[in-house]
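Please explain how charged side chains pair within this structure and how its nonpolar residues gather.

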Amino acid sequence: MQQIQAYQNILEERIQKLTLPESPKNLYDPLRYFLTLGGKRTRPSLTMLACSLFGQPGIKAVNAAMAVELFHNFTLIHDDIMDDAPLRRGQQTVHEKWNKDIAILSGDVLFVEAYALLAQHEPAVLAPLLAVFSRTAREVCEGQQMDMDFESLSTVTIDAYIEMIRLKTSVLLGAALEMGAIVAGVDSRDDIQNIYDFGVNIGLAFQMHDDILDVYADPKKFGKQVGGDILSNKKTFMLLKAYELADEETKKALDQQLLEGNEEDKVQKVTAIFDQLGIKEVAEAQKELFYQNALEKMNRINVPEENKKELLGLAKYLMSRDH
């Protein structure tokens, strides 16, 4: 995966050299701080990889890639506010280090900067890039709203949960790839649809893997508290599937743990119910279904097989990571 690492290095260098005004300090200092917290830069790397997939140098798509990364960071700053999260990548969140009003405004500036970077592309590709980017930004907001709505709903269907993670997480991966294809000059609607669908299905599998890790990861490798979703009563695929498969007695036991369970044994007892119902295996099967769908979409793309190796390698890594 040398090409991916090379693109990640290029993106990291571009982010570090991003020119932001000095004043007002309370608007721009939070952005300098947040953008130096690191991150894998996976999404913008996808944009550059898609460009090279279709035979063009990945660097040609660097401005679109940077727009994807700035937009992603904008969503993280705002998500942290909505979740009242104290930490991001082990460091204070922007709203904790400054305040919520500053965090909102700083995030908004990142969104504007993303559009400014897109506008640097040549006119021939600018209109389709803006269309994809704007559509995706709206969908991510829809997904976030669905996620917040779920907190107050007594029942959520698995189909609704999958639609929520598709919008909140997966469409950005699909769009990142689609934008790389647009910059590369792809005119086949089938190829563009297939690379988008590849990204969306990888995103769905990625989130399913994340849900599994939250319960079953090795605490030494995970980097955050195992069972965090259980402690916060988050309606994940695993919890929803447990309610779907459980008999009345087991449902009552789940209800009791979610409503009354104390932190010391809540994760252990809910995980035991998951084990009893075979929830991990069901979630693994659902993850594999999304992953195979992604591979099928990639298989349909009309480029040399050699061109696909980097993206397929990245997809395989995302499905097997342990943290």
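The following paragraphs treat the salt bridges and then the nonpolar core.

The model is a predicted one. Its salt bridges number 21. One of them joins arginine 135 to glutamate 178, with 3.1 Å between the closest N and O atoms. Because arginine 135 belongs to helix H7 (residues 123-152) and glutamate 178 to helix H8 (residues 158-183), this pair ties together parts that are 43 residues apart in sequence. The two partners can also be described by their accessibility. Arginine 135 has a relative accessible area of 25% and is therefore partly exposed, whereas glutamate 178, at 5% relative accessibility, is buried; the cut-off for buried is under 20%.

Other salt bridges lie within a single helix. Glutamate 284 and lysine 287 form a salt bridge with an N to O distance of 3.4 Å. Both residues are part of helix H15 (residues 279-300), where they stand three residues apart, about one turn of the helix. Glutamate 284 has 30% relative accessibility and so counts as partly exposed, while lysine 287, at 8%, counts as buried.

Elsewhere, salt bridges with shared partners link Glu22, Lys25, Asp29 and Arg32 into one network.

Attention now turns to the nonpolar residues. In soluble globular proteins, nonpolar side chains tend to be buried together. Here the largest nonpolar core comprises 103 residues. Within this core, the residues that touch the most other members are Phe54, Ile195, Phe198, Ile202, Phe274 and Leu311. Helix H8 supplies the largest share of the core, 15 residues. Helix H8 is also the element that contains glutamate 178, the partner of arginine 135.

Which residues does phenylalanine 198 contact, leaving aside its neighbours within four places in sequence? They are Leu177, Ala294, Lys297, Met298, Leu311, Leu312 and Ala315. One of these contacts, Leu311, is itself listed with phenylalanine 198 among the core residues that touch the most other members.

Key:
Residues are numbered from 1 along each chain as its sequence is written. This is a predicted model: local features need pLDDT of at least 70, side-chain atom pairs count only at pLDDT 80 or more; totals for chains, interfaces and linings use all residues. Side-chain values use heavy atoms; hydrogens and water are left out. A salt bridge is a side-chain nitrogen of Lys or Arg within 4 Å of a carboxyl oxygen of Asp or Glu. Helices (H or I, at least four residues) and strands (E, at least two) are DSSP runs, numbered from the N terminus. Buried means under 20% relative accessible area, exposed over 50%, partly exposed in between (1.4 Å probe, protein chains only). A nonpolar core is a set of buried Ala, Val, Leu, Ile, Met, Phe, Trp, Tyr and Cys residues joined through side-chain atoms within 4.5 Å. Contact means heavy atoms within 4.5 Å.
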